[in-house]
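Dear colleague,

I am passing on the structure that I have been going through, and it is placed just below this paragraph. My notes on it follow, and I would be glad if you read them with the model open beside you.

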Amino acid sequence: MRAEARTNGAIRTAAGEAGVRAENTAEGQKKLRAALMAKATALVPLLRSKAAETERTRRIPDEILSAIDAAQLFRLRTPRRFGGFEGDLRTYMDVVTELGRGCGSTSWVSFISIATVWIAALFPDQAQREVFEGNPDVRFMGALGMTARARAADGGYIVDGKWAYASNCLHAHWAVLSAPLPNASAAIPSIMLVPMRDLTIEDSWHVVGMRGTGSHTVIAKEIFVPAHRALPTETLAKGQSPRTSRDEFVYRESFAPTAIIAVAAPVLGMAQAALDLTLERVNKSSKPIAYSFYDDLRKAPSMQLELAEAATLIETALLHVRRWCGDIAEAARAGEELPFTRRAQMRMDLGYAMRRCREAVGLLLNVQGASAFAETNPLQRVWRDLEMASRHGLLAGEIPQEIYGRALVGNFEPLSPIV
């Protein structure tokens, strides 16, 4: 076991050896966050150096996966019982955002894996043991579209179908998938845990951004899923996880808000990367402004204003998202659920934050000018990745704006199954 050492029959994790241990307190999580953030920051130069290769090969290089494994970041949300760090939502958000400063695609597959590890930890204990025992660094993919069929079988279900946009399917050990499972009266939308060995991959991810995420189509051909590895989505949405360890507060975080906000982390990181790259470029040497008498754009008030506005827009997005991560974690620690209006506001704020990130990158493109679109300039890749990632169905702001508006006037007619 790579990251474990056995002493007197007990498992001592590398986290424990390093004196890093998540606690059910804000202070404990703060210490854990600082330790894992340092590891993530140390990886940024490597991720940035491999970003072009990641895009070209349409997958995460083995060197990157090994480095993240060595830093133990894939175990960020794994239960401590299985050798993980059991980090809360804010710890997750900061670490995955930091990876986004290096490579958007790598941050995206990290988000997918770490966020779905949290979902797997909501399943019954038997399923958790099958997933986590012996491998706290287990990698996941997730595809939650109800695009498959299932029928009852002895001890579980037979599932057949396919799921598109299966990010991280090239590197995952397990998959979180959705399907309507049969019931006495009607099919029930449900989430399943399936080992990747039971699935096949169809090469279908040919896009202009986020090329390295390997978000292909996965196919199940009459596979068996035991009953303990399938859960109704409504059960999770109501906070009724069948897991028996109730003292692990991070798994009491509200299901829908936690699953939704997790998607934002890579986008926040990419926006910060765009600012980093622009400041490095303009501060490296004097860059004149074409068709003007400015021999150095840093002297131009117009450029200073655009840089300041971009930096503030990114910080605004970060503040919104971090605030909600803190609120969700604190509610979990207190054993409380967020009311509907608050959940609706979170979705609204998330869409607002994504728009601010896109606006910021647009301003940074203005600062760099036409040279920003050169293939040799990494900003154009960040721009393409962010424009695509920020339009994920859970991040787009139009429907959440309607949802929040209805909540404000007391009209709760549902517009989305995930609020």
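To begin with two helices, α9 passes α11 in a left-handed crossing, a crossing being left-handed if the near helix is turned anticlockwise from the far one by less than a right angle, and right-handed if clockwise. Please keep in mind throughout that this is a predicted model, in which local features need pLDDT of at least 70 and side-chain atom pairs count only at pLDDT 80 or more, while totals for chains, interfaces and linings use all residues. Residues are numbered from 1 along each chain as its sequence is written, and side-chain values use heavy atoms, with hydrogens and water left out. Helices (H or I, at least four residues) and strands (E, at least two) are DSSP runs, numbered from the N terminus.

Helix α9 covers residues 264-284 and helix α11 residues 340-368, and the two pack at an angle of about 20° with their axes 10 Å apart; axes are lines fitted to C-alpha atoms, for helices over the stretch in contact, and angles run from 0 to 180 degrees between N-to-C directions. The two helices are therefore roughly parallel to each other, a label that applies to angles under 35 degrees, with over 145 counted as roughly antiparallel, 65 to 115 as roughly perpendicular and the rest as oblique. The residues of α9 that take part include Val267, Leu268, Ala271 and Arg281, and those of α11 include Leu350, Met354, Cys357 and Gln368, where contact means heavy atoms within 4.5 Å. By class, the contact of α9 with α11 has 14 nonpolar, two polar and one charged residues (Ala, Val, Leu, Ile, Met, Phe, Trp, Tyr, Cys and Pro count as nonpolar, Asp, Glu, Lys and Arg as charged, and the others, Gly among them, as polar).

Turning to the sheets, four strands form an open sheet in the order β3-β6-β7-β10, with mixed pairing; two strands pair if DSSP finds at least two bridges between them. The edge strands are β3 (140-143) and β10, each of which pairs on one side only, and the twist averages 25° from one strand to the next. Within this sheet, β6 (residues 174-181) runs antiparallel to β7 and is joined to β7 by eight bridges, with alanine 175 opposite valine 194 and leucine 181 opposite isoleucine 188. On to β10 (residues 230-232), β7 pairs in the antiparallel sense over three bridges, and methionine 192 has alanine 230 as its bridge partner there. Strand β7 (residues 188-195) is mostly covered, since six of its eight residues are buried (buried means under 20% relative accessible area, exposed over 50%, partly exposed in between, with a 1.4 Å probe and protein chains only). Helix α5 (residues 104-120) lies across β3, β6 and β7, running at about 85° to β3.

Another open sheet of four strands has the order β4-β5-β9-β8, with antiparallel pairing. Its edges are β4 (148-153) and β8 (200-202), each with a single partner strand, so one side of each is left without a neighbour in the sheet. Three bridges join β8 to the antiparallel strand β9 (residues 216-226), and threonine 200 stands opposite isoleucine 219.

Finally, isoleucine 64, in helix α3 (residues 62-70), is buried with a relative accessible area of 1%. Not counting residues up to four places away in sequence, isoleucine 64 touches Leu46, Leu47, Lys50 and Thr106.

With best regards
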